[in-house]
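Okay, quick one from me today.

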Amino acid sequence: MALRPVQVNIKALDDSAVGRFWAEALGWSAYSPGVTTYVGPVGDFVWPDPVAVCVDIVPVPEPKTTTKNRVHLDLATTSADHQADLVARLQDLGATLADVGQGDVPWTVLADPEGNEFCVLEPRETYLDTGPIAAVVVDCADPRAMARFWGEAMDWTLHEVTDDHAVLRSAKGVGPYLEFLRTPGVKTVPDRVHLDLLPYPGDDKAAEVARLRALGATDLDLGQGDVPWTCLADPEGHEFCVLAPS
């Protein structure tokens, strides 16, 4: 039994506008299959995508606080010119430069139109085959503990683990990486960005949720009410959802 990450959930006051931004940023399309705006590869709407970890923009009434998100996206580039062009294009679309204490680094930190931080990376060989999203990055206190939990929770392969950094990726060697970075500070507010996981066809969602609880996940009440998905938090409090197959 295992789960697969199928989308990054981003909360927004204006899901349509933020969805259009991320569609342009990733070179994908924005779809409106229901109350959210779903951003996925160009073509007919497919859910879940067989390769990509897509983006689902969910409307909420509250704006983002000034607290930095503890989950963000890293975008891949293929050359220095590509990086510079992408940063300029994203700023034209409404992104702003963000200072999260990164100092003098080769990547560029931006925020989307509602303040969600993300990075445009300098070209790195590791990310040449990931697609537009190089990695989903999670700030944490203990990368080794996060690697143990998420490695058991999902069917992805652990590529690297140290005291400062843990890296997982689909066993098929496709799509983005999931990275845990040792970061000062602790989680203090609900995040605007989280992962949504999905059971495989034929697997029992309730059994998967029970398995996650046994691994250290805790139930989370975000005011979601009676919904077909289950909201949980990992051992460091990062929110995530287990979706119902549909």
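Predicted model: local features only at pLDDT ≥ 70, side-chain atom pairs only at ≥ 80, totals over all residues.

Numbering runs from 1 along each chain as its sequence is written, and side-chain values use heavy atoms, with hydrogens and water left out.

So, the fold. We've got 4 helices and 16 strands; those are DSSP runs, H or I of at least four residues for helices, E of at least two for strands, numbered from the N terminus. The C-alpha trace spans about 50 × 40 × 35 Å along its principal axes. Of the 246 residues, 48% are buried, meaning under 20% relative accessible area with a 1.4 Å probe, protein chains only; exposed is over 50%, and partly exposed is in between.

On contacts, meaning heavy atoms within 4.5 Å: of those between residues at least 6 apart in sequence, 62% join residues at least 24 apart.

Charges next. There are 18 positive and 38 negative ones, and their mean positions sit 4 Å apart. Lys and Arg are the positives, Asp and Glu the negatives, with His and chain ends not counted; the places used are NZ of Lys, CZ of Arg, CG of Asp and CD of Glu.

Last, where is Ala141 found? In the loop between β9 (133-140) and α3 (143-153). Ala141 touches Arg70, Arg182 and Glu236, leaving aside residues up to four places away in sequence. Ala141 is partly exposed, because its relative accessible area is 41%.
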